[in-house]
Amino acid sequence: MKDLGEEHLQVREGVNSLGLFQPREKGLSLIEATPENDNTLCPGLRNAKVEDLRSLANFFGSCTETFVLAVNILDRFLALMKVKPKHLSCIGVCSFLLAARIVEEDCNIPSTHDVIRISQCKCTASDIKRMEKIISEKLHYELEATTALNFLHLYHTIILCHTSERKEILSLDKLEAQLKACNCRLVFSKAKPSVLALCLLNLEVETLKSVELLEILLLVKKHSKINDAEFFYWKELVSKCLAEYSSPECCKPDLKKLVWIVSRRTAQNLHNSYYSVPELPTIPEGGCFDESESEDSCEDMSCGEESLSSSPPSDQECTFFFNFKVAQTLCFPS
């Protein structure tokens with residue numbers, strides 16, 4: 001088999017040129033050791049916030065790189081500073097916005113006001129701006145970092161260059177989804193990015209039962225200078241995480257419903273188009289409406305408005321479950 005040699009080293013140098021900025025292990029260990037408490041930041045709160053970031057990234061159509069970098073920025077800041085739980089939402093939103101500005105095209109970067117509205121973080125645009133400055137200063141404006149996703153893409157490219165297997169047999173989308181699942185667990189922020197990426201690939205190759213791919217991975221592991229003890233330790237943790245994540249009992253961020261809770265008054269004032277798209281009268285070829293047809297359509301519209309403005313049976317808050325497209329219509333009406 002062809003040796004990976006210089007080709008592997010050249011690509012890896014390109015990845016490392018981003019800067020291998022990782023969260024402080026000591027700071028992460030302190031968070032791990034913190035018991036569940038309303039006044040302190042514990043692993044459960046951090047993990048829940050990362051799941052929220054994942055849902056936020058999905059809503060705005062952000063790429064995996066944006067999410068992974070946002071988690072990196074979040075964890076680096078949390079491992080460096082003593083953060084109160086009440087500030088976590090603001091920090092999470094800022095991490096997402098900072099990552100989006102680095103990764104996404106200008107046309108795909110969501111506005112601060114839209115992110116505040118969708119995330120329901122209960123902070124103002126000036127709060128976000130101030131927190132972004134604090135995060136940037138504490139991280140010395142070194143926000144770009146080498147993540148496990150960079151190594152996952154690197155190793156995936158090397159494997160495809162040296163295998164005779166079908167290119168689609170090793171799905172990068174599936175591997176990225178598995179990496180995002182690991183990012184939702186604090187413990188994996190302590191793993192070296194290269195090790196975490198190799199563990200994910202190794203488990204997937206074992207599932208495929210491909211001897212050739214496994215041999216290539218062993219060469220990648222050798223050139224990456226990853227020792228066996230470290231590799232097998234993290235491989236076991238990743239395997240356990242993915243098994244739990246694939247179980248029916250696990251609540252996956254991707255499957256979360258977007259829930260809007262509105263008051264009775266707001267429900268009454270919601271525009272008709274937020275609920276349904278009314279049927280418009282057909283435009284005659286002659287270029288003018290028939291008067292009777294126009295009157296009928298007006299009556300239909302008025303009836304629809306009356307039915308929507310009718311009061312709910314009680315003054316309790318009403319919960320509406322919208323799908324993704326309806327949520328977009330609600331937040332960004334044309």
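This report walks through a predicted model of a single chain, from its overall make-up to a few of its residues.

## Ground rules

Because this is a predicted model, local features need pLDDT of at least 70 and side-chain atom pairs count only at pLDDT 80 or more, while totals for chains, interfaces and linings use all residues. Residues are numbered from 1 along each chain as its sequence is written, and side-chain values use heavy atoms, with hydrogens and water left out.

## The chain as a whole

Let's start with the big picture. The secondary structure comes to 15 helices and two strands. Here helices (H or I, at least four residues) and strands (E, at least two) are DSSP runs, numbered from the N terminus. Of the 334 residues in the chain, 43% count as buried; buried means under 20% relative accessible area, exposed means over 50%, and partly exposed is in between (1.4 Å probe, protein chains only).

Then there are the contacts, meaning heavy atoms within 4.5 Å. Among those between residues at least 6 apart in sequence, 80% join residues at least 24 apart.

## The largest nonpolar core

In soluble globular proteins, nonpolar side chains tend to be buried together. A nonpolar core is a set of buried Ala, Val, Leu, Ile, Met, Phe, Trp, Tyr and Cys residues joined through side-chain atoms within 4.5 Å. The largest one here has 75 residues, and I135 and V238 touch the most other members. Helix α4 gives the most to this core, with 10 residues. The core also draws at least three residues from each of domain 1 (24-139) and domain 2 (148-246), with domain bounds that come from an automatic or database domain assignment.

What does V238 touch? Leaving out residues up to four places away in sequence, V238 touches C182, F188, L196, C199, L200 and L203.

R76 has its place in helix α4, which covers residues 64-80. Is R76 buried or exposed? R76 counts as buried, because its relative accessible area is 7%. Setting aside residues up to four places away in sequence, R76 touches F21, Q22, P23, L139, E142, L143 and A145. R76 and I135 are 59 residues apart along the chain, and their C-alpha atoms are separated by 9.4 Å.

T64 has its place in helix α4 too. T64 is at 13% relative accessibility, so T64 counts as buried. With residues up to four places away in sequence not counted, T64 touches L149, E176 and K180. The side chains of T64 and E176 are also joined by a polar contact of 3.0 Å. A polar contact is a pair of N or O atoms within 3.5 Å; within protein, one must be able to donate a hydrogen and the other to accept it, and residues adjacent in sequence count only if both atoms are side-chain atoms.

## Aromatic rings

A pair of aromatic rings is described by the distance of the centres and the angle of the planes. Rings of Phe, Tyr and Trp (its six-membered ring) pair if their centres lie within 6.5 Å; planes under 30 degrees apart count as stacked, over 60 as edge-to-face and the rest as tilted. By this rule the count comes to six aromatic pairs. One of them is the tilted pair of F151 and Y155, at 5.9 Å centre to centre with 45° between the planes. F151 and Y155 both lie in helix α8 (residues 148-162), four residues apart, about one turn of the helix. Both F151 and Y155 are buried.

F231 and F232 form an edge-to-face pair, at 5.3 Å centre to centre with 70° between the planes. F231 counts as buried because its relative accessibility is 4%, whereas F232, at 47%, counts as partly exposed. K221 lies over the face of F231, at 5.7 Å from the ring centre; a charge sits over a ring if NZ of Lys or CZ of Arg is within 6 Å of the ring centre and within 35 degrees of the ring normal. Elsewhere, ring pairs link F59, F60 and F96 into a cluster.

## Helix α6 and the loop after it

Helix α6 (residues 112-119) has T112, D114, V115, I116 and I118 as its buried residues. Just after α6, Q120 takes a positive phi of about 55°. Q120 lies in the loop between α6 and α7 (125-138), and with a relative accessible area of 48% Q120 is partly exposed.

K122 has its place in the loop between α6 and α7. Phi of K122 is near 60°, a positive value in a residue other than glycine. K122 is exposed, with a relative accessible area of 83%.
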